[in-house]
Structure formats: C-alpha cells, structure tokens
Amino acid sequence: MIYDVIIIGGGPAGLNAAVVLGRCLRKVLLFDSGKQRNRYSHGMHNYLTRDDIRPDKFLEMSRAEAKKYGVIQRSTEISKARKTGDTFEVIDKNNKKYHSKKLILATGLTDKIPKFTGAAELYGKSMHHCPYCDGWEVRHKRIGVYAESKNGIDLALILTTWSKKITFYTNNKKFLRSDKEAMLQANGIAVHHGKIKALNGNNGYIKSVEFKDGTTNKCDALFFSIGYEVQCDLVENLGCYVDKKNVAKTNRSQQTNIPGLYVAGDAARDMHFVVVAAAEGAKAGVYINKELNAEEMMA
C-alpha cells in the first residue's frame with residue numbers, strides 16, 4: 001500500500017498536519033516515538049484557548065481529532081527513510097517498511113540539560129529554556145540564568161522583562177568578557193562565577209544554587225541556554241540542506257530541497273513555540289494537498 005502522506009513525529013506539528021490532510025480525505029499514516037520536547041513541562045502557554053494545558057493532555061486531545069479524520073497512528077520509532085523514485089520508503093525499528101507519495105518530518109528537538117546534581121528533577125517545573133513560555137509564572141521572583149557561552153547574555157537581558165532579580169551563573173567558565181559582564185551589571189543583573197556543585201530543590205522546585213565552596217544562592221527559577229540537538233538524523237540522511245545546528249532548511253511552504261519532503265515544527269527553522277509548530281504543520285498539510293491535487297490532475 002502506498003499512503004498519500006507519511007508523517008514522522010506526533011507532536012503539534014505532525015498532528016496538525018495530519019488533521020489538515022485527514023480533512024482533505026488523504027490516506028495518512030503517522031508515527032510517534034513519544035519523545036516530544038515539552039513532555040516534562042508543567043503546562044503549555046502562548047496558545048489561545050489552551051493556556052496551562054499539560055502537554056500530555058494536549059496530545060491526547062490532538063490524537064483523538066486526527067483519528068476522527070481517519071489518520072492511522074502508530075506508536076513506533078522510524079529508524080530509516082529514503083526516497084525511491086517518486087515515492088518514499090520508511091522503515092521502523094522492527095524492519096517493517098511503509099511507502100508514501102509525500103513525507104513530513106516533524107521529529108523535533110531535544111534540549112541539552114545542565115548536568116548538575118538535582119537538575120533532572122527540576123526540568124520542566126522550575127528549570128526552563130524559554131522565558132516566553134515560563135517567564136510569567138516566575139514574574140518578580142529570583143531568577144537564575146545558566147549558560148556555557150555568550151549566548152546566555154541575551155537570555156539574561158530579556159528576562160529583565162519579568163524580574164529585576166536576575167543572577168547570571170557562569171560556573172567558572174571563561175566565556176564572559178569584562179565589557180559584557182559590565183553591561184549585565186549595568187542592567188541590574190548580578191554575575192556569579194562560582195563553580196556549581198548542585199541545584200537544590202523540593203518536589204521539582206528549585207530553592208538554591210549550591211557552589212563547590214559550600215556557599216549557596218537563593219533561587220526561585222533557573223533558565224538555561226546550552227543548546228539543543230535534533231531528535232533524529234533522518235533529515236540529514238535524506239539529503240536535506242541543514243544549517244550549522246543540523247536543523248532543516250525549508251521554504252515558506254515547509255518544503256525542503258528534496259521534492260515531496262517537508263519539515264515542520266522545531267525540526268525546521270522557525271520560532272520554537274507549540275503554536276508555531278502547529279501552524280507549520282498546517283502549512284505543510286495545505287501545500288502537500290495542493291501538490292497531490294496537481295499531480296492527480298496531470299495523471
């Protein structure tokens with residue numbers, strides 16, 4: 001059987017693409033490995049009518065909508081994908097093969113998490129990477145910023161939107177030039193160069209940053225900027241053009257340089273919001289349907 005579209009990735013981008021295509025009466029098969037980037041989050045934000053909804057509840061509702069339109073969904077990880085002539089072949093971890101006319105990759109990203117003792121328990125509850133997603137919840141509180149490069153400077157500055165009690169932690173890394181440190185301090189941001197030993201908290205909520213010398217700094221939330229990785233290597237293996245972070249380059253319709261291959265969501269290049277990922281999925285679905293329609297008219 002050849003599906004009209006196979007979608008790899010069952011987050012907001014993949015599921016919204018599935019709904020659009022299902023409503024177009026297309027034969028759609030969606031694979032989801034269950035590794036959504038925001039699965040540890042306490043709640044989603046910046047999405048009208050869905051503020052504070054837990055990501056797992058949002059996905060449950062979204063899967064039900066896709067099912068209503070005949071989308072076939074599989075909780076299976078895809079290990080390989082290739083283009084063979086005018087169709088795509090994807091192979092799951094059990095070596096089963098599936099074929100489609102078009103392919104959407106919505107596999108997303110994985111954040112690099114600080115490796116301090118206690119960090120894993122805090123991630124998604126009081127340790128975050130996006131101030132627009134989680135800044136409101138910690139407004140006016142004591143906010144820490146952890147970075148391993150100068151990229152954290154912009155994060156620290158933008159967080160002054162939500163609080164005037166910001167501390168920038170370098171963990172004794174030597175990336176912060178004296179002029180940049182002076183700029184942070186001029187904007188009311190304290191800079192702490194101590195070597196971090198652990199992040200202390202309770203039930204997922206940070207209380208303090210503990211240093212190797214035995215001292216601590218009180219902290220109500222910690223934002224970090226140490227980068228991210230793509231969830232899988234399918235984009236590059238299929239021959240897509242990627243940027244220096246291995247994120248796929250797409251045009252305005254979410255199409256890659258490979259005809260028939262689309263990438264949507266965090267695995268593409270746009271802003272990393274759930275609402276943006278969903279919108280990219282919708283765009284990909286519309287353009288794929290137009291492309292399929294044109295091909296059918298010419299057949």
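## Glu295 and its partners

Glu295 is partly exposed, having a relative accessible area of 38%. The structure described here is a predicted model. Glu295 forms a salt bridge with Lys102, and the closest N and O atoms of the two are 2.6 Å apart. This pair links distant parts of the chain: Lys102 is in strand E6 (residues 97-105) and Glu295 in helix H8, 193 residues apart.

Lys102 counts as buried, at 5% relative accessibility. A network of salt bridges links Lys102 and Glu295 with Glu291. Lys102 is also one of the residues that Ile288 touches, when residues up to four places away in sequence are not counted.

## Other salt bridges

The structure holds 13 salt bridges. One of them joins the side chains of Arg26 and Glu296, at 2.6 Å from N to O. Here too the pair links distant parts of the chain, with Arg26 in the loop between H1 and E2 and Glu296 in helix H8, 270 residues apart. Arg26 counts as buried at 11% relative accessibility, while Glu296 counts as partly exposed at 39%.

A salt bridge also forms between Lys35 and Glu77, where the closest N and O atoms are 3.8 Å apart. Glu77 is in the loop between strand E3 (72-74) and strand E4 (78-84), and Lys35 is in the loop between E2 and H2; the two are 42 residues apart and link distant parts of the chain. Glu77 counts as partly exposed, with 38% relative accessibility. Lys35 likewise counts as partly exposed, with 39%.

## Nonpolar cores

The largest nonpolar core has 21 residues, of which Val5, Ile7, Ala18, Leu21, Ile104 and Ile288 touch the most other members. At least two residues of this core come from each of strand E1 (2-8), helix H1 (12-23), strand E2 (28-31), helix H2 (55-68) and helix H8 (274-298). H1 supplies the largest share, five residues. Another core, of 20 residues, lies apart from it and includes Phe88, Tyr98, Cys240 and Ile258.

## A buried Glu without a salt bridge

Glu181 lies in helix H6, which covers residues 178-186. Glu181 is buried but has no salt bridge, and the nearest side chain of opposite charge, that of Lys174, is 9.2 Å away. A salt bridge needs a distance within 4 Å between the nitrogen and the carboxyl oxygen.

The side chain of Glu181 does make a polar contact, at 3.0 Å, with the side chain of His193. With neighbours within four places in sequence left aside, the residues in contact with Glu181 are Leu176, Val191 and His193.

## Cysteines

How many disulfides does a search of the whole structure find? The search finds zero. Among the cysteines, Cys24 is partly exposed, with a relative accessible area of 28%. Cys130 is buried, with a relative accessible area of 9%. Cys240 is among the residues of the core of 20 residues.

How values were computed
Residues are numbered from 1 along each chain as its sequence is written. This is a predicted model: local features need pLDDT of at least 70, side-chain atom pairs count only at pLDDT 80 or more; totals for chains, interfaces and linings use all residues. Side-chain values use heavy atoms; hydrogens and water are left out. A disulfide is a pair of cysteine sulfur atoms within 2.5 Å. Buried means under 20% relative accessible area, exposed over 50%, partly exposed in between (1.4 Å probe, protein chains only). Helices (H or I, at least four residues) and strands (E, at least two) are DSSP runs, numbered from the N terminus. Lys and Arg count as positive and Asp and Glu as negative; His and the chain ends are not counted. A polar contact is a pair of N or O atoms within 3.5 Å; within protein, one must be able to donate a hydrogen and the other to accept it, and residues adjacent in sequence count only if both atoms are side-chain atoms. Contact means heavy atoms within 4.5 Å. A nonpolar core is a set of buried Ala, Val, Leu, Ile, Met, Phe, Trp, Tyr and Cys residues joined through side-chain atoms within 4.5 Å.
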